[in-house]
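Here are my notes on the model. Please read them with the structure open.

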Amino acid sequence: MEKMTANSVTLNWPAGETASTIVITPGNISHTVTAQEIAAGEATVSGLTGETDYTAKLMNGTKVRGSRTFTTLLDLTKVTVVSPGEDLASKIANAVPGQTFGLLSGTYDINADAIVSKSISIKGARPTDKPVINGLILRIKGNAGLTMKDLVLNGVGSPNDNQAIIYDEALNDAYAPLSVIDCEIKNYVKGLMYVNVKALIESVTFKRNIISGIVGTGGDFIDFRNGIAKTLLFENNTVFNSVHARDLFRMDAGGSTNF
């Protein structure tokens, strides 16, 4: 695979090797391979949808010559694009429900709390060049949900050396899901996630993240005390150099008592 956008993919195979079509699913997209593409061993297929998992099969008649899975990039025409140097914390605080922020590559020096009071998504525009966000603490309120993907969260410089994600408001109704996927999270002193208020979360998902340098000073790695999640999925993450003297997962009785 040579390059990819939100709406297209360029696929490669040995130059000169005969093929008839490229079939991509889902969507049953079929591309007829030309003589020029066979000679080059390369073809570009368009008409795809952003942030979608696809499987491409290179066909020679009814025979499969090869296959490849891939995920298209974030479609920047459908999100709020943010550049380094902009006030990301303010944008998060003033977001509208359902808003997605697409962060361009670069370094974001935040060193502040950001209030998440509406369900939003924060995503890196390029998975191979993730934006680096320094010193950001996310405080979730008002039943909000949060999705984060393809980001580097560096806790150095964060206010009060706090946890990366804090549930900050006691509620009787459930918070929308929290999802953190394909991120790098490092150097948060107190912990990764903290729920010490009466907060019920529909679901919490951490998947395919690389997490390091979570010290656990005054807190645990994932720390539920007076709150709880209906489901917690922690899958295919790499965790190292973290919480040497604290719990990796903590769920106190207070959460189940409150709900």
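What share of the 259 residues in the protein is buried?

1. **Burial and basis.** Buried residues make up 47% of the 259. Buried means under 20% relative accessible area, exposed means over 50%, and partly exposed lies in between, with a 1.4 Å probe and protein chains only. The model is predicted: local features need pLDDT of at least 70, side-chain atom pairs count only at pLDDT 80 or more, and totals for chains, interfaces and linings use all residues. Residues are numbered from 1 along each chain as its sequence is written, and side-chain values use heavy atoms, with hydrogens and water left out.

2. **Overall make-up.** The protein has three helices and 26 strands. Both are DSSP runs numbered from the N terminus: helices are H or I with at least four residues, strands are E with at least two. Along the principal axes, the C-alpha atoms fill a box of roughly 65 × 35 × 35 Å.

3. **Surface and contacts.** The accessible surface comes to about 11800 Å², and carbon and sulfur atoms hold 48% of it. These areas come from the Shrake-Rupley method with a 1.4 Å probe; for residues, only the protein chains shown count as cover. Of the contacts with a separation of 6 or more, 68% are between residues 24 or more positions apart. Contact means heavy atoms within 4.5 Å.

4. **The sheet E1-E2-E5.** Three strands form an open sheet in the order E1-E2-E5, with antiparallel pairing. The edge strands are E1 (3-4) and E5 (42-46), each pairing on one side only. Two strands pair if DSSP finds at least two bridges between them. E1 and E2 (residues 8-12) are joined by two bridges. Lys-3 stands opposite Thr-10 in E2.

5. **Gly-50.** This residue is in the loop between E5 and strand E6 (53-60). Gly-50 counts as buried, at 18% relative accessibility. Which residues does Gly-50 touch, not counting those up to four places away in sequence? They are Ala-6, Asn-7, Thr-72 and Leu-73.

6. The protein carries 23 positive and 25 negative side chains, and the centres of the two sets lie 3 Å apart. Lys and Arg count as positive, Asp and Glu as negative; His and the chain ends are not counted. Each charge is placed at NZ of Lys, CZ of Arg, CG of Asp or CD of Glu.

7. **Arg-65 and Glu-17.** The structure holds 17 salt bridges. A salt bridge is a side-chain nitrogen of Lys or Arg within 4 Å of a carboxyl oxygen of Asp or Glu. Arg-65 and Glu-17 form one, with the closest N and O atoms 3.1 Å apart. The pair links distant parts of the chain, 48 residues apart: Arg-65 lies in strand E7 (residues 63-71), Glu-17 in the loop between E2 and strand E3 (21-25). Arg-65 is partly exposed at 42%, and Glu-17 is partly exposed at 34%.

8. Is Asp-220 buried or exposed? Asp-220 is buried, with a relative accessible area of 1%. Arg-246, partly exposed at 32%, meets Asp-220 in a salt bridge (3.2 Å, N to O). Arg-250 also forms a salt bridge with Asp-220, at 3.0 Å. That pair is 30 residues apart, with Arg-250 in strand E26. Salt bridges that share partners join Asp-220, Asp-223, Arg-225, Arg-246, Arg-250 and Asp-252 into one network.
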